[in-house]
Amino acid sequence: MSLVQGTAMYVGAVLGTGVIALPAMAAKVAGPASLLAWAGLVVLSAPLAATFAALGSRYPDAGGVSYYARLAFGPRAASIAGWCFYFAVPPGSAAAGLFGGAYVASALGGGKTTVVVTAAGLMAVVGLANWVGLKVSGRLQLALAALLVTLLLAAVATSLPQARLSHLHPFAPHGWSAIGPAAALLVWSFAGWEAITYLAGEFRSPRRDLPRATGMAVVIVGALYLVLAFAVIVVLGPGAADSSAPLGDLMASGLGGNARLLAAGSALLLTLGAMNAYWAGASKLGAALGRDGQLPGVLARGSVAGEVPRRSLAAVAVLSLLALGGVEAANVGAAPLVLLTTGSFVMVYALGVGAAVKLLPRRSAAWASALVALAAVAVLLVMSGQYLFWPLLVGAGALAYGKYGPGAPKGTEAS
């Protein structure tokens, strides 16, 4: 995987489906002051991204955060980290598919049937791309990232002539305390900095290219989020809080045409990009966990760099479809899936940055970034609250499998 493809993977993983609706949702909670929440999370994401890049460049392994946790804390922590990420991707993918499908249904009609069929179709496209191999997946991600960045920049550039700075006043209509809840909403938009560590071994030169790809992705993602959030507020004004398709509304204000069709196109690009990056990382991780005895050994094929982990990929696809079918059968929508996924990723972050503090050279720039990231993740843990129940349950399952499962090595893990 080249530097450019790796950067595109990162952009796709982080610039995910949250951008479809969260600028408007944050504006509803905090008004123009939500821009401070966006800015704060962009700043906090830099040390977090740098920490995972430092780990990935020094320890390029398909196990990613699970591997780092093993080096730092032992096999039990590795199993918990691996399971929390692996079993977060299916519900997260189902939620992302439902977000994209809702935009398509809004544009074309068909209601819930269109939503579900679109979500399943997105999974099929991403699964096929990854089944063929990471080289194809990387090229797809590069094309998606280029289209997405172009589309977002066009939406902002063409809509800004309609901007009114008066829309920035009052700046904090719901009080300064509303910035915290707005930031909590936006955490979904900044998950993903750990996802590419599972693909570190696929880079041509991990030690050289992974930090460079990370730095480029931080700048691209941070700039796009900030300019988009700013445009939503100054162009749409108070109406931003009630917009269900802020991207479409921005495009329509600048380009004209059918806002719902434009929003649907954006949603599909964002969803494909995010799902492609996460499925690529999760399938590699599943193979590594099978290799290490933390998941059934049948998944182990594909853990070596350059191999395609098709069995692990198939498991991710089946679990994603089950998650999609489950929430539709229960008629509860995407919200529970989002909460389960976010809580799991925060747990993965905690184990990853904790491992970084222990593994990275003391008093180095990377170690200092890890300390800052650890403080940021501590805040995220507090914000997650009750939604940590799911990763705790998954972690308990990982420990039970490590002790009693057929794939557990005898001796150390079973002790």
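Predicted model: local features only at pLDDT ≥ 70, side-chain atom pairs only at ≥ 80, totals over all residues.
**Overall make-up**

I started with the secondary structure, which comes to 16 helices and 0 strands. Next I looked up burial: of the 415 residues in the protein, 57% are buried. I also checked how far along the chain the contacts reach. Among those between residues at least 6 apart in sequence, 81% join residues at least 24 apart.

**The core**

Which residues touch the most other members of the largest nonpolar core? I found Leu15 and Trp193, in a core of 121 residues. Helix α10 gives this core its largest share, 15 residues.

I then listed the partners of tryptophan 193, leaving aside neighbours within four places in sequence. They are Tyr10, Val14, Ser45, Leu48, Ala49, Phe52, Ala217, Val218, Val221 and Tyr349.

Serine 45 lies in helix α3. Not counting residues up to four places away in sequence, serine 45 touches Phe190 and Trp193.

**α3 against α10**

I went on to the pairing of helix α3 (residues 34-58) with helix α10 (residues 206-236). Their axes come within 9 Å and cross at roughly 170°. Angles over 145 degrees count as roughly antiparallel, so that is what I call α3 relative to α10.

I wrote down who makes the contact. On the α3 side I have Ser34, Leu35, Trp38, Ala39, Val42, Ala46, Ala49, Ala50, Ala53, Gly56, Ser57 and Arg58. On the α10 side I have Pro206, Arg207, Leu210, Pro211, Thr214, Val218, Gly222, Tyr225, Leu226, Ala229, Phe230 and Ile233. Sorted by class, the contact has 17 nonpolar, 5 polar and 2 charged residues.

**Aromatic pairs**

How many aromatic pairs does the structure hold? I get 11. I looked at two of them.

The rings of tyrosine 67 and tyrosine 68 have centres 6.5 Å apart and planes at 65°. Planes over 60 degrees apart count as edge-to-face, so I logged the pair that way. Tyrosine 67 is partly exposed, at 25% relative accessibility, whereas tyrosine 68 is buried, with a relative accessible area of 0%.

For tryptophan 83 and tyrosine 401, the ring centres are 5.9 Å apart and the planes are at 45°, so I logged this pair as tilted. It links distant parts of the chain: tryptophan 83 is in helix α5 (residues 75-86) and tyrosine 401 in helix α16 (residues 389-404), 318 residues apart. Both tryptophan 83 and tyrosine 401 are buried. I also found that ring pairs join Trp83, Tyr86, Phe87 and Tyr401 into a cluster.

A reminder to myself: most residues other than glycine have a negative phi, and most peptide bonds are trans. I noted two spots with that in mind.

The peptide bond between histidine 169 and proline 170 is cis, with omega about -5°. Proline 170 sits in the loop between α8 (134-159) and α9 (179-186).

Arginine 363 is not a glycine, yet its phi is positive, about 65°. I located it in the loop between α14 (335-359) and α15 (365-384). Arginine 363 is exposed, with a relative accessible area of 79%.

Where does proline 309 lie? I found it in the loop between α12 (259-291) and α13 (310-330). Though in a loop, proline 309 is buried, with a relative accessible area of 6%. Leaving aside neighbours within four places in sequence, its contacts are Ser283, Lys284, Ala287, Arg301 and Gly302. Proline 309 and leucine 299 are 10 residues apart in sequence, and I get 7.6 Å between their C-alpha atoms.

My last stop was alanine 264, in helix α12. At 7% relative accessibility, alanine 264 counts as buried. It touches Tyr103, Val104 and Ala107, not counting residues up to four places away in sequence. The C-alpha atoms of alanine 264 and glycine 248 are 7.8 Å apart, and the two residues are separated by 16 residues along the chain.

Definitions and conventions
Residues numbered from 1 in each chain as written. Heavy atoms only, no water. Axes fitted to C-alpha atoms, helices over the stretch in contact; angles between N-to-C directions. Helix = DSSP H or I, 4+ residues; strand = E, 2+ residues; numbered from the N terminus. Parallel < 35°, antiparallel > 145°, perpendicular 65-115°, else oblique. Contact = heavy atoms within 4.5 Å. Nonpolar A, V, L, I, M, F, W, Y, C, P; charged D, E, K, R; others polar. Buried < 20%, exposed > 50% of the residue type's maximum accessible area, 1.4 Å probe, protein only. Phe/Tyr/Trp six-rings, centres within 6.5 Å; stacked < 30°, edge-to-face > 60°. Core = buried A, V, L, I, M, F, W, Y, C linked by side-chain atoms within 4.5 Å.
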